[in-house]
Amino acid sequence: MGLFKEFKEFAVKGNMMDMAIGIIIGAAFNKVIDVLVKKVMLPPLSLLTNGVNFQDKRIILKEAVKNMDGTLKTNEVAIGYGAFGEAFLDFLIIGFTVFVVVKFMNRLRNRAHDSNDDRVATPKDIELLSRLTELVEEQNTLLQSKEKK
């Protein structure tokens, strides 16, 4: 029964919903990147290389063997470096996009945590901490001036 209780707390706190939303958005983002690479970036690259289809590029280690009647006896053994190239291009695009999004989000978070920036509403906890820091500095200044007297 303890496991069910822990799962319920996990789900209610929002962690499960955050993960589900992240996974769904990630899957949709993967589809967008896949189309971007295969339908937008690779066709011009293929055009520049006289119609070479990179997905079909491979190093054949062992040719496929066929029977006398033309049916396949053993499959071809090959290293598909073209598919690897596409996957690597997908990875680079996704990595760069995630980098840009995280950089943008960090910039927004830093603005929100800057209590002197009036363009963005500062969270209450940061506001209170900022005010507390100002009061401590003010108190230290007063104490130092009393000690000098």
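What is the relative accessible area of Phe 88?

Reply: The model is predicted, so local features need pLDDT of at least 70 and side-chain atom pairs pLDDT 80 or more, while totals for chains, interfaces and linings use all residues. Numbering runs from 1 along each chain as its sequence is written, and side-chain values use heavy atoms, without hydrogens or water.

Phe 88 has a relative accessible area of 42% and is partly exposed (buried is under 20%, exposed over 50%, partly exposed in between, with a 1.4 Å probe and protein chains only). Two aromatic pairs are found in the whole structure. In the pair of Phe 84 and Phe 88, the ring centres are 6.2 Å apart and the planes stand at 25°, so this pair is stacked (centres within 6.5 Å make a pair of Phe, Tyr or Trp rings, the six-membered ring being used for Trp; planes under 30 degrees apart are stacked, over 60 edge-to-face, the rest tilted). Both residues belong to helix H3, residues 81–113, where a spacing of four residues puts Phe 84 and Phe 88 about one helical turn apart (helices are DSSP runs of H or I with at least four residues, strands runs of E with at least two, numbered from the N terminus). Phe 84 is exposed, at 57% relative accessibility.

The charged pairs come next. The whole structure holds three salt bridges (a side-chain nitrogen of Lys or Arg within 4 Å of a carboxyl oxygen of Asp or Glu). One of them links Lys 38 to Asp 34, at 3.3 Å from N to O. These two residues lie four residues apart in helix H2, residues 15–48, again about one helical turn. Lys 38 is partly exposed at 34%, and Asp 34 is partly exposed at 27%.

Arg 131 is partly exposed at 44%, as is Glu 134 at 38%.

Arg 58 and Glu 76 form a salt bridge of 2.9 Å, N to O. Arg 58 sits in the loop between H2 and strand S1 (59–62), and Glu 76 in the loop between strands S3 (72–74) and S4 (77–79), so the contact ties together parts 18 residues apart in sequence. Arg 58 is partly exposed, with a relative accessible area of 40%, and Glu 76 is partly exposed at 32%.
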